[in-house]
Amino acid sequence: MQRQRLCRLRTFHPRLTAQRAYSDRSSRALIAIFGLDFTKARRMIADAKCVMRAEMLHRRGGFALAGAAAALADQVLTRCRPPPGATIAGFWPMGDEIDVRPLLRALHARGHPVLLPVTPRRGLPLRHRTA
């Protein structure tokens with residue numbers, strides 16, 4: 001059900017020139033290899049991306065389990081601690097994304113500058129600011 005809904009919500013954003021350029025290159029490759037017309041090639045790519053996105057969202061669903069955030073923070077701080085003074089770029093979890101806030105708090109407490117993205121209007125570059 002969720003996968004079908006996501007596929008129906010698919011849209012193209014022509015203002016995102018990098019995404020469009022990538023899709024155009026992929027479309028040209030499909031045209032050259034399989035002899036497809038441009039519109040059909042773009043539709044095949046869009047459908048494949050939709051299915052992959054839905055599958056990844058489905059797989060990601062288990063990361064919001066209780067204890068996952070603390071386990072992530074523990075693993076990062078014990079196995080792959082960033083070098084002293086390294087700047088950390090994080091994100092604010094949404095939906096089923098794993099909660100990285102305990103890790104970000106712990107890294108900030110150890111003296112690391114922590115940055116969070118500022119979401120601009122569509123088509124503008126992403127910026128980061130200190131949390």
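**Figure 1. Overview of the predicted model.** Of the 131 residues in the protein, 24% are buried. The model shown here, and in each view below, is predicted. The protein contains five helices and three strands. Read from the N terminus, these elements follow the order α-α-α-α-β-α-β-β. Contacts between residues at least 6 apart in sequence can be sorted by how far apart the partners are, and 53% of them join residues at least 24 apart.

**Figure 2. The largest nonpolar core.** This core has 11 residues. Its members are Ala73, Val76, Leu77, Ile88, Val100, Leu103, Leu104, Ala106, Leu107, Val114 and Leu116. Helix H5 gives the most, with four residues.

**Figure 3. Helix H4 against helix H5.** Two packed helices are described by the distance between their axes and by the angle between those axes. Here the axes of H4 and H5 come within 7 Å and cross at roughly 40°. An angle under 35 degrees would count as roughly parallel, and one of 65 to 115 as roughly perpendicular; H4 and H5 are therefore oblique to each other. Their crossing is right-handed. On the H4 side, the contact is made by Ala69, Leu72, Ala73, Val76 and Leu77. On the H5 side, Pro102, Leu103, Ala106 and Leu107 take part. Sorted by class, the contact of H4 with H5 has nine nonpolar residues, no polar residues and no charged residues.

**Figure 4. The surroundings of Leu77.** Leu77 is one of the residues of the largest nonpolar core, and on H4 it takes part in the contact with H5. Which residues touch Leu77, leaving aside its neighbours within four places in sequence? Leu77 is in contact with Leu103, Ala106, Leu107 and Arg110.

Figure 5. Is Leu116 buried or exposed? The relative accessible area of Leu116 is 19%. Buried means under 20%, so Leu116 counts as buried. Also in view is His128, which is 12 residues from Leu116 in sequence. In space, Leu116 and His128 are 5.3 Å apart, C-alpha to C-alpha.

How values were computed:
Residues are numbered from 1 along each chain as its sequence is written. This is a predicted model: local features need pLDDT of at least 70, side-chain atom pairs count only at pLDDT 80 or more; totals for chains, interfaces and linings use all residues. Side-chain values use heavy atoms; hydrogens and water are left out. A nonpolar core is a set of buried Ala, Val, Leu, Ile, Met, Phe, Trp, Tyr and Cys residues joined through side-chain atoms within 4.5 Å. Buried means under 20% relative accessible area, exposed over 50%, partly exposed in between (1.4 Å probe, protein chains only). Helices (H or I, at least four residues) and strands (E, at least two) are DSSP runs, numbered from the N terminus. Contact means heavy atoms within 4.5 Å. Axes are lines fitted to C-alpha atoms, for helices over the stretch in contact, and angles run from 0 to 180 degrees between N-to-C directions. Angles under 35 degrees count as roughly parallel, over 145 as roughly antiparallel, 65 to 115 as roughly perpendicular and the rest as oblique. A crossing is left-handed if the near helix is turned anticlockwise from the far one by less than a right angle, and right-handed if clockwise. Ala, Val, Leu, Ile, Met, Phe, Trp, Tyr, Cys and Pro count as nonpolar, Asp, Glu, Lys and Arg as charged, and the others, Gly among them, as polar.
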